[in-house]
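Take a look at the sequence and the model below. This report covers a sheet and a pair of helices.

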Amino acid sequence: MACVIATLMVIISGCGMMHKQKHQRASDQLEAKYLDMAGLTVRPQDNSYKGFKTKYFELIHTRVDVRPDFQHQTLSGTAQIKLIPYAYAQDSLVLDAKRFKIESVREAEDISGEQLPYTYNGLKLTIHLQRKRAPKDTINLLIKYTAQAADPSDTSATALPRDELGIYYINPNGADSTYPTELWTQGETEYNSAWMPTIEANNQRQTTDIYLTVDTAYTTFSNGLLQSGKLNKDGSRTDHWQMAMAHAPYLSVFVVGKFSRIRDQWKSSHGEIPVDYFVEKGQEKYARMIFGNTPEMLSFFSKRLGYEYPWPAFRQIVLRDFIAGAMENTSAVTHFQGLQHDAREHLNETHEDVIAHELFHHWFGDLVTCESWAELSMNESFATLGELLWLEHKYGRHADEVHRLEDLQQYLREALYKKEPIINYYYGRAEQMFDRHRYQKGGLVLN
């Protein structure tokens, strides 16, 4: 996840890890606009101890119905959130919700339609539950809202960093006839609340139903299994994607655009698992060249770890202007556009290490998740190790050793100006954890 130092650096280094290293903000000015929108005061860099987030509620399930508006770069949404108080009775709930226009908040079972009182500051939605709710009480909220995408072309000093927007409209009005029109989301570290109200914490897990209403010309992509595609009277289509296994909120994703879907499969002990590759129109002939080793990776990692791939599907998609090299959204990996290449380019760089890295995350990161960003090594060091394991298995010890040497060199270059523990509870911002300590050094230590 998150932005690389530069996409070119990723390609030159051949490294599957630095695709996730975020740009660090040049100054606290970069935070000003974000906090001003919420009516908050700009805060200085906070290097205090950071463990897991205190858990007041436990998420159970979220259903989100969204309809993108490409012309205005907004998203009309309805979220139904089920959760319970955690350990102690509670009479108010705070949800993360960035840049929303809140239309209504009520309990879904309340047929009277009576609104719940709430306050909203542009970042946090505080809902007053009217009475104490015990841990045995399931709360079922219904929130209607409009999500406003920030302008990615804004380059002013107080603009939001591009890798913190959460929602990304690419060529939304089709002004550039040579460029595709796409909409995609990026949740890590805590940006999925730009399109769905949630509790953004690594120690939360939930199942999801995501309903996407789009023009019939578009393909959709999300977590889990596509349950249905219903044609509506207004000529649109509503696709229903369901993830029936619980996962952390930052691992949810959706994509809308014009893609071709190349179908593959992997045979698990429970039957055939869908393995699909989504590429731009006209790139279909290269899909299996790029992604074709994925079923073998699934078999190898399942056997090597002694734990079979647990999720209901595994899909990968290539996006334009993606802010990261790749992101391990559960069962629905998003890749940067450099992964989409022709046969000649494939001779120089296959990016197979990136594919292996994101797949290995489905055990370390998705199935087992770091409790806080301080323990990011649980995700990234293990996924970096996954690259080395795959290269040795598929191409021999020499390929593994060459890649390991590259990882060592990249870490040592960073160590010239930065030295800190692999597990670090005193980081400034979570994005600063996505570096060569957590990726390359952590993977080498595990190796």
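## Terms and model

Two strands pair if DSSP finds at least two bridges between them. Strands (E, at least two residues) and helices (H or I, at least four) are DSSP runs, numbered from the N terminus.

This is a predicted model: local features need pLDDT of at least 70, side-chain atom pairs count only at pLDDT 80 or more, and totals for chains, interfaces and linings use all residues. Residues are numbered from 1 along each chain as its sequence is written, and side-chain values use heavy atoms, with hydrogens and water left out.

## The sheet

Strands β10 (residues 206–215) and β13 (residues 236–247) pair in the antiparallel sense over nine bridges. Asp215 stands opposite Ser236 in β13.

Both strands belong to an open sheet of seven strands. The order is β4-β7-β2-β1-β10-β13-β12, and the pairing is mixed. β4 (100–107) and β12 (225–231) stand at the edges. Each has a single partner strand, so one side of each is left without a neighbour in the sheet. On average, neighbouring strands of this sheet are turned by 15° against each other, direction ignored.

## The helix pair

Helix α8 (residues 397–415) packs against helix α9 (residues 437–446) at an angle of about 130°. Their axes are 9 Å apart. Axes are lines fitted to C-alpha atoms, for helices over the stretch in contact, and angles run from 0 to 180 degrees between N-to-C directions.

Which residues of α8 and α9 meet? From α8 come Arg404, Asp407, Leu408, Gln410, Tyr411 and Glu414. From α9 come His437, Gln440, Lys441 and Leu444. Contact means heavy atoms within 4.5 Å.
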